[in-house]
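Trainee: Could you walk me through how to read some features of a structure with me?
Mentor: Gladly; let's open it and go step by step.

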Amino acid sequence: MQRRRACGGGRRYPFAVSTSHPSTVPPALLSLRGSSRLSSVVHDQIKERLLEGRYSGGERLSVEALRKEWGISKQPVMEALRRLSGDGLVDIIPQVGCQVTTYSPREVEDFFVMFGGFEGTISGIAALRRTDAQLAELDRSSEKIGRLCEAIDPVERSHGYRVLNRRFHTTIHAMAHSRVMAETSARMWDLSDFLINTTGRQQPLSSALEQRHDDHERIRAALHAGDQQAARREMEQHIVEIVGSVIHFEQQRSES
């Protein structure tokens, strides 16, 4: 996908993530100062913020600000940002700096059509290979999402669903018993979470929680029944309909 770059600042939201407060130095960073693993930990910290929507699309990321926040040198921050650029989450612009990647509505729609087909294929295979233990694990994840529907706070709902949703789908990936599928899908899920939380309105997962849970229940029923076609169809629809049910472009259509 071709990235569309935009300038300017953005909003930040107090999500309950591993870096719960911008001024808090994560213990992992404190223990790894001067270590060769430091850039990997910095990468994971920044990626979590991006996936949670702590930064808006087009927002500038200051290497100096991040370095000072965590009390480290510039090198691990720059290495982390280069890796994130390879993941399609940030743009590094020569002589300008780094900013959060933005994608056009068409690019986002194309991604979820592709992603839906891929996840549908995995789900169909999972319906034929799943074990009773994996089905029980899927049931537990679904029950937790069902209880989350009772929450009122939009931040709790949005963050909680993102975490539990990944657990739900990771269990389905395990059912397929295919490492190449699971590893490829994990990278696509990162981009999916990023697009959901940096495109369109705030806290989009909160208002869509009940509908997404209903989708999960149909997918789960198909997997329990061992129905390959239904599992594939329900999963593909669940992913493709993220655009429209979770991501909304009303204010961006004229710009695409």
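Predicted model: local features only at pLDDT ≥ 70, side-chain atom pairs only at ≥ 80, totals over all residues.

Mentor: Let's begin with helix α7, residues 154-176: its 23 residues reach 33 Å from first C-alpha to last, close to the 33 Å expected at 1.5 Å a residue.

Trainee: Which loop holds Q203, and what is its phi?
Mentor: Q203 lies in the loop between α8 and α9 (204-225). Its phi is positive, about 45 degrees, and Q203 is not a glycine either.

Trainee: Now for packing. At what angle do the axes of α2 and α4 cross?
Mentor: Two packed helices are described by the angle between their axes and the distance between the axes. For α2 (residues 38-52) and α4 (residues 74-86), the axes come within 8 Å and cross at roughly 55 degrees. The two helices are therefore oblique to each other.

Trainee: Is that crossing left-handed or right-handed?
Mentor: The crossing of α2 and α4 is right-handed. On the α2 side the contact is made by L38, S39, S40, V42, H43, I46, K47 and L50, and on the α4 side by P76, V77, E79, A80, L81, R83 and L84. These residues divide into nine nonpolar, three polar and three charged.

Trainee: Which residues is K47 in contact with, leaving aside its neighbours within four places in sequence?
Mentor: K47, which sits in helix α2, is then in contact with L84, L89 and D190. As for distance, the C-alpha atoms of K47 and A80 are 9.0 Å apart in space, while the two residues are 33 apart in sequence.

Trainee: How should I read charged pairs, and how many salt bridges are there?
Mentor: Side chains of opposite charge can pair when their charged atoms come close. With a cut-off of 4 Å from a side-chain nitrogen of Lys or Arg to a carboxyl oxygen of Asp or Glu, the count comes to 16 salt bridges.

Trainee: Where in the chain are the partners R49 and E69?
Mentor: R49 is in helix α2 and E69 in helix α3 (residues 63-70), so to speak a link between distant parts of the chain, 20 residues apart. Their side chains meet in a salt bridge of 2.4 Å, N to O.

How values were computed: Residues numbered from 1 in each chain as written. Heavy atoms only, no water. Helix = DSSP H or I, 4+ residues; strand = E, 2+ residues; numbered from the N terminus. Expected span 1.5 Å × (residues − 1). Axes fitted to C-alpha atoms, helices over the stretch in contact; angles between N-to-C directions. Parallel < 35°, antiparallel > 145°, perpendicular 65-115°, else oblique. Left-handed = near helix turned anticlockwise from the far one by under 90°. Contact = heavy atoms within 4.5 Å. Nonpolar A, V, L, I, M, F, W, Y, C, P; charged D, E, K, R; others polar.
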